[in-house]
Each structure stands twice: as structure tokens, then as C-alpha cells.
Amino acid sequence: MAGQTERSQAAVANLRLLCESMVPGRYELEVIDAAERPDVAAEERILATPTVVRLAPLPQRRVIGDLSDHSRAAAALGLPEADALPSERR
């Protein structure tokens with residue numbers, strides 16, 4: 001993320017919702033502000049914010065944006081049951 005923008009805060013909230021819905025208790029989340037830690041952003045090759053980097057399990061996956069499209073974000077991150085999110089069931 002780059003600062004505490006509304007979009008960055010939305011991305012964190014959406015990511016927490018996704019993780020709690022799909023892999024409760026089986027995830028670790030670390031938020032790094034690219035403006036405060038440009039060294040980490042450069043090391044991870046973060047070119048746009050907000051960016052989510054899933055490190056494990058391999059392969060690594062990256063998603064850019066606020067993750068507001070939960071089904072699409074879950075699929076991009078390789079989360080299980082990406083088509084069965086509670087907030088999007090009919």
C-alpha cells in the first residue's frame with residue numbers, strides 16, 4: 001500500500017473478509033506501507049498499490065486493486081471455493 005488511502009483500507013478490509021470466509025485461521029497477513037518502506041516495495045517489485053502478494057503455497061500470486069470483486073480476487077489469489085463466497089451467494 002502507499003499511505004492510508006481509502007482504496008488501501010478497502011483492500012485490507014476485503015482481504016480480511018476473503019481470508020476469514022475461505023481459510024479461517026489458516027492465513028497470515030502482513031501489511032506493508034510502500035511509502036514508509038520503499039525498500040521492501042522495491043525488493044518485492046511492487047509497482048502499483050495496493051498490491052496483495054500471496055507467498056504460500058507456491059506459486060506466488062499477485063493481485064492489484066481494492067479486491068472489491070470478491071469472487072475474482074479469490075480466484076486470482078487461488079483461494080479454495082472461490083465461487084462460494086458468503087456475501088455473493090444467491
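1. A residue is called buried here when its relative accessible area is under 20%, and exposed when that area is over 50%, with partly exposed in between. By that definition, 32% of the 90 residues of the protein chain count as buried. The model is a predicted one, and the points below should be read with that in mind.

2. As for the overall layout, the protein chain contains three helices and two strands, and from the N terminus on these elements follow one another in the order α-α-β-β-α. Where contacts join residues at least 6 apart in sequence, 51% of them join residues at least 24 apart. The accessible surface of the protein chain comes to about 6100 Å², and carbon and sulfur atoms account for 50% of that surface.

3. In helix α1, which spans residues 6–22, a reader may wish to look at S8. Its relative accessibility is 1%, so S8 counts as buried. The side chain of S8 is joined to that of T5 by a polar contact of 2.9 Å.

4. Helix α3 (residues 70–77) has H70, A73, A74 and L77 as its buried residues. These residues lie on the same side of α3, because the arc that they cover around the axis is only 100°. An α-helix has 3.6 residues a turn, so residues three or four places apart point the same way. The cover over the buried residues of α3 includes α1, together with the strands β1 (51–54) and β2 (61–64). Just after α3 comes G78, which takes a positive phi of about 75°.

5. How many salt bridges does the structure hold? There are two salt bridges in the structure, and they are taken in turn here. One of them is formed by the side chains of D39 and R37, with an N to O distance of 3.5 Å. D39 has a relative accessibility of 46% and therefore counts as partly exposed, and R37, with a relative accessible area of 40%, is likewise partly exposed.

6. In the other salt bridge, the side chains of R62 and E44 meet at 3.8 Å, N to O. This pair links distant parts of the chain, since R62 belongs to strand β2 whereas E44 sits in the loop between α2 (38–43) and β1, 18 residues apart. R62 is partly exposed, with a relative accessible area of 35%, and E44 is also partly exposed, with a relative accessible area of 27%.

Notes. Residues numbered from 1 in each chain as written. Predicted model: local features only at pLDDT ≥ 70, side-chain atom pairs only at ≥ 80, totals over all residues. Heavy atoms only, no water. Helix = DSSP H or I, 4+ residues; strand = E, 2+ residues; numbered from the N terminus. Buried < 20%, exposed > 50% of the residue type's maximum accessible area, 1.4 Å probe, protein only. Polar contact = N/O pair within 3.5 Å; in protein donor to acceptor, adjacent residues only side chain to side chain. Contact = heavy atoms within 4.5 Å. Areas by Shrake-Rupley, 256 points an atom, 1.4 Å probe, with all protein chains shown as cover. Arc of directions from axis to C-beta. Salt bridge = Lys/Arg side-chain N within 4 Å of Asp/Glu carboxyl O.
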